[in-house]
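Have the sequence and the structure open as you read.

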Amino acid sequence: MSYDLVIVGGGRMGAALAEGLVRAAWAPRERLAVIQPSFAKREALAARLAGVAVLEALSADDVGEATGAILCVKPDYAESVARTVAATGVSRMLSVVAGLTTARLEAAIGRPIPVVRSMPNTPVLVGQGATAIAGGSHVTAEDLAWAESILGAVGSVVRVTERNIDAVTGLSGPMPAYLYLVVEALIEAGVHQGLPRDVARTLVVDSFAGSAALLAASSSSPEDLRAQVTSPGGTTAAGLYTLERHAVRSAFMEAVAVAAERSRQLGR
Ligand SMILES: NC(=O)c1ccc[n+]([C@@H]2O[C@H](COP(=O)([O-])OP(=O)(O)OC[C@H]3O[C@@H](n4cnc5c(N)ncnc54)[C@H](OP(=O)(O)O)[C@@H]3O)[C@@H](O)[C@H]2O)c1
């Protein structure tokens, strides 16, 4: 029996993708498989993903002409796993492995199948990620649409050239961490002003989630939304002036630039 899609690695990313694909009815459950070597994790996944095959390893019998694979393993052993998976005959491969270029993946696979590289971020774990994809040297428009349909099950997807994956790795990859730092700082600011910690936390976390929802629902730009809450000579204007004086805007630009450069270094 061959599967439409095989998720290789049932860790955090692989399990989130499998759940998203089931939720989105991307394919009937029995057409999906997850490869997960360790027994305990396999048992837990089978309970979480009823109807989806959870296998110890992939064999050629599981693979038909149209079987695609998603590589969701750690970067240190991703190339050797890709080689083993490709040897079973999968027709194309989507990788979520950070820092692994399509050229290295193609070399590891050793035969000319389409590979798509992606850079997701952690909100995919709750189906609200933002992912960029880039195709390797054998991809067609159909392969990119295939990858987009998979990652679209756990959030939004944009297409970039592979050269820009490092910029994505500096921007949306670490963005949850950047924003959590801002949230932490604002909670401390509330406590500093005398608010009980739990009150400060509720106010900051809910304002953060609410502001994101407002931005997503609105056709206005972030600048317009900010202007709407900034009365001339008012409290928000005073607070924003202080942030500009401390160069918060250029601090973020520098953080993204440094993180993107680090990604370039790691990829070399
Ligand atoms: N988590 C994120 O937010 C995030 C964001 C962007 C990109 N990524 C990328 O996603 C990839 C996976 O990350 P993760 O956080 O999901 O890691 P993870 O939780 O460690 O998952 C990796 C899984 O692969 C399994 N595995 C090990 N050897 C295997 C093999 N030969 N065949 C099949 N499965 C095998 C591991 O099983 P055992 O535990 O039993 O060894 C584990 O369950 C990484 O390359 C990372 O760069 C992750």
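Among contacts in the chain between residues at least 6 apart in sequence, what percentage join residues at least 24 apart? The share is 61%, where a contact means that the C-beta atoms of two residues, placed from the backbone, lie within 7 Å.

A word on the model before we go on. This is a predicted model, in which local features need pLDDT of at least 70 and side-chain atom pairs count only at pLDDT 80 or more, while totals for chains, interfaces and linings use all residues. Residues are numbered from 1 along each chain as its sequence is written.

**The chain as a whole**

The chain has 11 helices and eight strands, taken as DSSP runs (H or I of at least four residues for helices, E of at least two for strands) and numbered from the N terminus. Its C-alpha trace spans about 70 × 40 × 35 Å along the principal axes. Of the 268 residues, 32% are buried; that label asks for 20 or more other C-beta atoms within 10 Å of a residue's own, whereas exposed means 12 or fewer and partly exposed lies in between.

**Around strand β5**

Strand β5 (residues 92-95) is buried at each of its positions: Arg 92 and Leu 94 point one way, Met 93 and Ser 95 the other. In a regular strand, side chains alternate between the two faces of the sheet.

On one side, β5 pairs in the parallel sense with β4 (residues 63-71) over four bridges; pairing requires at least two DSSP bridges between the strands. Here Ile 70 stands opposite Leu 94. From β4 the chain passes through helix α3 (residues 75-87) to reach β5, a right-handed β-α-β crossover. Right-handed means that, with the strands pointing away from the viewer, the path from the first strand over the helix to the second runs clockwise.

Strand β5 also runs parallel to β6 (residues 115-119), joined to it by three bridges, and Leu 94 stands opposite Val 116 there. The link from β5 to β6 goes through helix α4 (residues 102-109), and this crossover is right-handed as well.

**Helix α5 and its cover**

In helix α5 (residues 141-151), the buried residues are Asp 143, Ala 147, Ile 150 and Leu 151. Viewed down the helix axis, they fall within an arc of 90°, so they line one face of α5; the arc is that of the directions from the axis to the C-beta atoms. Ala 141, Glu 142 and Ala 145 are exposed on the face turned away from the buried side. The cover over the buried residues includes α1, β4, β5, β6, β7 (129-135) and β8 (155-159).

**The ligand shell**

The ligand is surrounded by 24 residues, the closest being Gly 9, Gly 11, Met 13, Ser 38 and Ala 98; a residue belongs here if its C-beta atom, placed from the backbone, lies within 6 Å. Helices α1 (12-23) and α3 each give two or more residues to this shell.

Most residues other than glycine have a negative phi.
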